[in-house]
Amino acid sequence: MWLFSRKGASGFSASSTAEEVTQGIDGTGLTAVVTGASSGIGTETARVLALRGVHVVMAVKNMTAGREVKDTIAKRNPNAKIDAMELDLSSLASVRKFAADFISSGLPLNILMYNSLSAYGQSKLANVLHAKDLARRLKEDEVAITANSLHPGAIATNLFRHSNLINGLVGLVGLVGKYVIKNVEQGAATTCYVALHPQITGKTGLYFADSNVAETSLQANDNALARKLWDFTFTLINNCPNNT
């Protein structure tokens, strides 16, 4: 259990939960868009943010599942401000519609949290590089917006269904998993920490793990690669038809 008990500079560790890292924080007046909020750490993130007074907009592909999560959170917390809006991140048309609908709602956007099943290998590296270059661009333009990336850790969620390696190690996970695999409450901790904790105020372009600033790979610190990815992404977006 020592892996989970060692606290970092923030005062939190891998065993800290989302509720623990946001204890005493008042998010009243803030609005957060949380993608992937219909399951796993996305759901827990939405629940805890709502618990802290944040108005949560769950951006979900499956509206039926999203409404069920919304109702469940509202039953546990009658004071929760929580909505569900449709968003399919694989469709630029859906992204544009979501953006237009959100703007029409008149709500401010204080926090944008991107949760995705694509959290391994090149996809994970791309997310870190994108956040790093976005932070750089915002800072250069003197825009008071921060952008950070994080790793939630190995989480015991439905994500494991998509991993043959994990499925092949069920016996091993059953034996030692409680020492190396987080539950959903722990998995959502870093996301909620970065979103709400005053320790993060003004910090940008950083990478977090276990609710602490963490080191990244050499590739993830490659500014030239980050710029290249940014330019390549915008080229792809600009070349896509509006209805795809």
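Which residues does Asn115 touch, not counting residues up to four places away in sequence? In this predicted model, the list is Val34, Thr35, Gly36, Ile41, Gly42 and Thr191. Asn115 itself sits in the loop that links strand 4 (111–113) to helix 6 (121–140). Despite being a loop residue, Asn115 counts as buried, because its relative accessibility comes out at 14%, and the cut-off for buried is under 20%.

Zooming out for a moment, the protein has 11 helices and seven strands. Of its 244 residues, 37% are buried. Taking the contacts between residues at least 6 apart in sequence, 72% join residues at least 24 apart.

Strand 2 (residues 55–60) is a handy place to start on the sheet. Six of its six residues are buried, so this strand is largely enclosed by the rest of the structure. In a regular strand, side chains alternate between the two faces of the sheet. Here, His55, Val57 and Ala59 point one way, while Val56, Met58 and Val60 point the other way. Both sets are buried.

Strand 2 has partners in strand 1 and strand 3. With strand 1 (residues 31–35) it runs parallel, joined by five bridges; within this pairing, Ala32 has Val56 as its bridge partner. Strand 3 (residues 82–86) also runs parallel to strand 2, again with five bridges, and here Val60 stands opposite Glu86. The chain gets from strand 2 to strand 3 by way of helix 4, in a β-α-β crossover that is right-handed. Strand 1, helix 3 and strand 2 likewise form a β-α-β unit, and that one is right-handed too.

Helix 3 (residues 40–51) and helix 4 (residues 63–76) meet at an angle of about 35°, and their axes are 11 Å apart. Their crossing is right-handed. On the helix 3 side, the contact is made by Thr43, Ala46, Arg47 and Ala50, which meet Val69, Ile73 and Arg76 of helix 4.

Val34 and Thr35, which Asn115 touches, fall within strand 1 (residues 31–35). Ile41 and Gly42, also touched by Asn115, belong to helix 3 (residues 40–51).

Note on methods: Residues numbered from 1 in each chain as written. Predicted model: local features only at pLDDT ≥ 70, side-chain atom pairs only at ≥ 80, totals over all residues. Heavy atoms only, no water. Axes fitted to C-alpha atoms, helices over the stretch in contact; angles between N-to-C directions. Helix = DSSP H or I, 4+ residues; strand = E, 2+ residues; numbered from the N terminus. Left-handed = near helix turned anticlockwise from the far one by under 90°. Contact = heavy atoms within 4.5 Å. Buried < 20%, exposed > 50% of the residue type's maximum accessible area, 1.4 Å probe, protein only. Pairing = 2+ DSSP bridges. Right-handed = clockwise from strand over helix to strand, strands pointing away.
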